[in-house]
Amino acid sequence: MSVGYSGSSSPTVPGRVPARSSGGRVSPGGDAVVETPLPPAGDGEREAGTPRVVTRPLPAWERHTGAIYGVLLAVAVVAMAFLPMNANDYTVSLAITVLLTICLASSWNLISGFTGYVSFGHAGFFGIGAYVGGLLIYHGAATWYVAVLAGGLATALVAAVIGYPTLRLRGPYFAVAMLGLTELASIIVTAWDSVTFGGSGVFLPILYERSERLTNYYAMLVLAVVVAVVSYAVATSRFGLRLLAIRDDEGAARAMGINTTAHKLGAFVLSSFFPGAAGAIYARHTGYIDPPAFFAVIWSIRAIATSMLGGQGTVIGPILGAVVLTLVSEEVWSRDPNAYQIIFGGLIVLVVLFMPGGFVALLQRVGWLPRSRRL
Amino acid sequence: MDILQVIISGLLLGGVYAIFAAGLNTIFGVMRIINLAHGELMMLGAYVTFAFYDGWGINPLITLPISAVLLFGLGLLFQQFLIERVVGQPLLSSLLLTFGLSTLLQGIALNRFTANFRSVPFLSGSWGIGELSLSRSRLLAFVVALAVTGLVYLFLQRSRFGKAIRATSQQPDVAEVCGVDVRQVRLMTFALGAALAAIAGSLVAMIFSIYPEMGRMFIGKAFAIIVLGGLGSFGGAFAGALVLGVGETLAAYWTDTQIAQGVSYAALVLVLLLRPSGFFGVKE
């Protein structure tokens, strides 16, 4: 029988086992964690309080999360598939942004939410994918969907090459290295103007037909569905469980016999495919690529903030976050573009301080969602 | 002779980088937090100096301490109410929090000061020594940076509180057991870092144009400097800053400014991959 716990004094990321937990135990199915939280390590004056341990059985429907998600996904996909028929171009464009954010956030979550390695590389992958896909389309070297696939595969390849050395770096070093690599990629693309047209950017063919423009929307929809399914598959697999083990204590995970390097690299490569493919689709959607726009660090931040808002390390969190954040952003932007940056920055600060586990953790604290790894 | 000119020019620039990186480095050492808003603290410092110069024509050397004190106060507030709450939390929390702050401050600056480029045209021209010509503003900025860095170094090495800061960055638990008020150390460290950023910003305002998004450019350089010198090594970061300043100006001299921008990031990535502890750093 599985049991969940809730309500320690410090906000806990869902499914996260504190580094020092006594009797932390994962049941064979990996469904729930039973633990007695200790005060956080190393901070004497941080108020420890008395951990209030409440064990509550997981609801019966928890077993059927997969089926529930399947139904929700099917409904969402059908609704999204019919959306363009009753919507104008603006709404479709907004929907593309929502789907793009889902792709970015969910795929970021695969590496960073599960393994805890905070990656600022998504902006880099997004830009590389946009350029690979965009240039293929520009030169007429490939059909658009082949170009999109090529964009994704190219970034996966780049991730495999840079992941091996960089994933050895722990914590802040990895974050800073990925920031540096993204900037470096942007500078290389700008400087290499014989291939990339440098700072003047690439103009892609204009899509005059609405049906042609809608292919971008459907492509982004397919990509978002794939990333959602992959997230669920990872979250419920042993592979995902091992990634969580790496996040909680990499040394211990290795001692348990997990090939941490292979797992981190696998998650990194898997995660990098999606921003690359999404970048190529988005390039085709906007029709113009230039380094400052496509390598902007804001793409990484968007993925990170979205995952955090929804709940990192969960399947539904990044999707929930993407929908809410994109729609709120759009609303704020259309009302007052000048205030946008202030509100966006302030929102991030508030989320980090008051909702570190995101919507999912909030709902779990209220008791509406179980503390399950399947979420 | 040309090359000597370029190297000296790079060294002078490196002094300003050093003072900016020193704050970021100390904050990281004490709290293990990468302050992504550090560039914006610098930007605010630069704008304080600009505002005094533009409004009342006050000499930037006089406003420099004012700017430092103001940002010291802002640093205290930030640490007390925001940063302190994510100390010891997962890395992501502090990264996202400081990024949010950086976006917020940029947005405020954009609204308040507009995106226009501004400058404090103070001490233009240069001194000639033989065939060398030294930009007067850069030389002044370098001298001030050197003096401030020296003072901070003495403070960290000699003063009681400086020792507490160093102890905390080496081993917070043990420092606390030894009677160090770790929370107060964190408070003062962040405020000190903000003040150093303000001084760097004020000096930058004398040399370059300033604009609300200037911080982004400098924070990348600061990462490279810190990694080059080794995290937590004050002297190392200073050497790293000079090396980067020279490297950048040489790259700009030999190729173009576009590629020179990449020098810091290339250095950052290479050092991280080949020698993560830097060239002067202490192994963690």
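Let's start at B:R32, which is partly exposed because there are 17 C-beta neighbours inside 10 Å. The rule goes like this: 20 or more other C-beta atoms within 10 Å of a residue's own makes it buried, 12 or fewer makes it exposed, and anything in between is partly exposed, with the C-beta atoms placed from the backbone. You'll find B:R32 in the loop between α1 (2–31) and α2 (38–56) of chain B. Those helix labels come from DSSP runs, H or I of at least four residues for helices and E of at least two for strands, numbered from the N terminus. B:R32 has a positive phi, near 55°, and it isn't a glycine. Most residues other than glycine have a negative phi.

Quick housekeeping before I go on. This is a predicted model, where local features need pLDDT of at least 70, side-chain atom pairs count only at pLDDT 80 or more, and totals for chains, interfaces and linings use all residues. Residues are numbered from 1 along each chain as its sequence is written, while chains are lettered from A and ligands numbered from 1 in the order in which they are written.

Back to chain B. B:T114 also has a positive phi, near 60°, and is a residue other than glycine. Look for B:T114 in the loop between α4 and β1 (126–129) of chain B. Is B:T114 buried or exposed? B:T114 counts as exposed, because there are 11 C-beta neighbours inside 10 Å.

Then there's B:R275, in the segment after α11 of chain B. B:R275 has 13 other C-beta atoms within 10 Å, so this one is partly exposed. If you pair B:R275 with B:A145, 130 residues apart along the chain, their C-alpha atoms are separated by 28 Å.

Now, where the two chains meet. How many residues does each chain put into the contact? Chain B puts in 40 residues and chain A puts in 38 residues. By contact I mean that the C-beta atoms of two residues, placed from the backbone, lie within 7 Å. On the chain B side, the elements giving two or more residues are α4 (91–113), α7 (172–177), α9 (214–229) and α11 (257–274). Of these, α4(B) gives the most, with 16 residues. That side of chain B splits into 25 nonpolar, eleven polar and four charged residues. Here nonpolar means Ala, Val, Leu, Ile, Met, Phe, Trp, Tyr, Cys and Pro, charged means Asp, Glu, Lys and Arg, and the others, Gly among them, are polar.

Next, the helix packing. Two packed helices are described by the angle between their axes and the distance between the axes. In chain B, α6 (residues 160–170) and α8 (residues 182–207) pack at about 105°, with axes 10 Å apart. So α6(B) is roughly perpendicular to α8(B). For the words: under 35 degrees is roughly parallel, over 145 roughly antiparallel, 65 to 115 roughly perpendicular, and the rest oblique. The axes are lines fitted to C-alpha atoms, over the stretch in contact for helices, and the angles run from 0 to 180 degrees between N-to-C directions. On the α6(B) side you have B:F161, B:A164, B:I165 and B:T168, and they meet B:V182, B:V185, B:M188 and B:T189 in α8(B). That contact has six nonpolar residues, two polar and no charged.

Over in chain A, α12 (residues 298–310) and α13 (residues 316–335) pack at about 110°, with axes 7 Å apart. That makes α12(A) roughly perpendicular to α13(A). Their contact divides into eight nonpolar, five polar and no charged residues.

Last stop, the core. A nonpolar core is a set of buried Ala, Val, Leu, Ile, Met, Phe, Trp, Tyr and Cys residues joined through C-beta atoms within 7 Å. The largest one has 202 residues, and A:M220, A:A278, B:F20 and B:A21 have the most contacts inside it. Helix α8 of chain B brings the largest share, 18 residues.

Take A:A278, in helix α10 (residues 260–286) of chain A. A:A278 counts as buried because 34 C-beta neighbours sit inside 10 Å. Leaving aside neighbours within four places in sequence, A:A278 touches residues including A:L100, A:F126 and A:M220. In chain A, buried residues make up 48% of the 375 residues.
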